[in-house]
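Trainee: Could you walk me through this model before I start on my own notes?
Mentor: Gladly, let us look at it together.

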Amino acid sequence: MLVSGNEIFAAAKEGKYAVGAFNVNNMEILQAIVEAAEEEKSPVIIQASQGGIKYAGLEYISAMARLAASQVSVPVALNIDHGTDFDQIARCVRHGFTALMFDGSKLSFEENIAVTRRVVEMARPNDISVEAELGKIGGVEDDVVVHDREATFTDPDEAAEFAERSGCDVLAVAIGTAHGVYKGEPKLDFARLEEISKKCSVPLVLHGASGVPDDAIHRAIPFGICKVNIDTEVRQVFAEAVKRLVNEHPDEIDPRKILGPAKDNMRNTVREKMRLFGCAGRA
Ligand code: G3H
Ligand code: ZN
């Protein structure tokens, strides 16, 4: 069954590993992620962005995730990713989401705290975890667009104050990652991350982790990273498989034959990430 994000984050903090959070838009992606988690005996966070919810429908995402979680033995949390609209987040609560991200990074520091606090007040009585964002992570994640020049790194002192005053359970930080496909190798500001982890009382979240070298991921996790978000790499292997199948079998019209190999590719990628993040074998 679905579990609270808080349960997953507490175990990750205790075990000093990170849990993968993978974006979902349809049945095949969801099945690939949950099958990977069962095969790797790994906790997992399934997440849908506002765009993903719009595409699949909130009822579908919620029902499919609940069903998927009921069919595996590992802990599964369901998260709205980069929620910017309070009412949308409230609808997710009503539909059984067990984790919420309020992305207030485009708001002022005080407004971000105020709205995050409102989300916390709604979530806490239901034991639903709340992720906030401080600093602007660059790139494009569905309807959340941050141009390079707008991207701003997280200030360690502000992070400490923000976590204290907002009551968020976990905090997404901007330390050099970005959403989408990187043009060059991302350079993570580890000194900044170390300072944030020393000053900030809550576990941290790394967004934009697709394309970040494995050694950088390994280096970041000990600095309090408990959740690592992956969307682009899963999309890439999905698209590669579909294009290959259609090119090799141009007359194929059976969606199962077209999407089946894509599902296998996605499952393998998710399994690799679970091993990389250290959550494999932790369920
Ligand atoms: O919130 C989703 C993730 O931050 C997506 O990051 O584009 O690097 O996969 P990614
Ligand atoms: Zn993100």
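This is a predicted model: local features need pLDDT of at least 70, side-chain atom pairs count only at pLDDT 80 or more; totals for chains, interfaces and linings use all residues.

Trainee: Which residues are the protein donors of the zinc ion (ligand 2)?
Mentor: They are His82 through NE2, His179 through NE2 and His207 through ND1, lying 2.1 Å from the ion. Donors here are N, O and S atoms within 2.8 Å of the metal (3.2 Å for Na, K and Ca), and since water is not among the atoms, sites may look incomplete.

Trainee: How are the donor residues spaced in sequence?
Mentor: The spacing is H-x96-H-x27-H. His82 in strand E3 (residues 76-83) and His207 in the loop between strand E10 (204-206) and helix H9 (214-220) are 125 residues apart, so that this pair links distant parts of the chain. Helices (H or I, at least four residues) and strands (E, at least two) are DSSP runs, numbered from the N terminus.

Trainee: Are His82 and His207 buried or exposed?
Mentor: Both are buried, a label for under 20% relative accessible area, with exposed being over 50% and partly exposed in between (1.4 Å probe, protein chains only).

Trainee: Switching to ligand 1, which residues come nearest?
Mentor: Asp81, Gly180, Ser210, Asp231 and Thr232 come nearest, out of 15 residues around ligand 1, where near means that a heavy atom of the residue lies within 4 Å. A backbone N or O atom of Asp231 is 2.6 Å from an oxygen atom of ligand 1, while a polar backbone atom of Gly180 is 2.9 Å from an oxygen atom of the ligand.

Trainee: And how many cavities are there?
Mentor: The count is 2 cavities of 30 Å³ or more. On a 1 Å grid over the protein atoms alone, a cavity is a set of points where a 1.4 Å probe fits but cannot get out, a pocket is an open set with protein on both sides within 12 Å along at least five of seven lines, and lining residues have an atom within 4 Å of a point. Grid points are joined across faces, edges and corners, and a volume is the space filled by probe spheres set on the points.

Trainee: What lines the largest cavity?
Mentor: It has a volume of about 100 Å³, and of its 16 lining residues the closest to the centre are Glu141, His179, Gly208, Asn229 and Asp231. His179 is also one of the zinc donors, and Asp231 is among the residues that come nearest to ligand 1.

Trainee: What about the largest pocket?
Mentor: About 310 Å³ of space lies in it, and Gly138, Gly139, Asp148, Ala178 and Tyr182 lie nearest its centre among 21 lining residues. Strand E6 (138-141) gives the most to that lining, with 3 residues.

Trainee: Where is Lys41, and what is its phi?
Mentor: Lys41 is in the loop between helix H2 (27-40) and strand E2 (44-49), with a positive phi of about 50° although it is not a glycine. Lys41 is partly exposed, at a relative accessible area of 36%. His82 has a positive phi too, near 55°, but His82 counts as buried because its relative accessibility is 1%.

Terms used. Residues are numbered from 1 along each chain as its sequence is written. Chains are lettered from A and ligands numbered from 1 in the order in which they are written. Side-chain values use heavy atoms; hydrogens and water are left out. A polar contact is a pair of N or O atoms within 3.5 Å; within protein, one must be able to donate a hydrogen and the other to accept it, and residues adjacent in sequence count only if both atoms are side-chain atoms.
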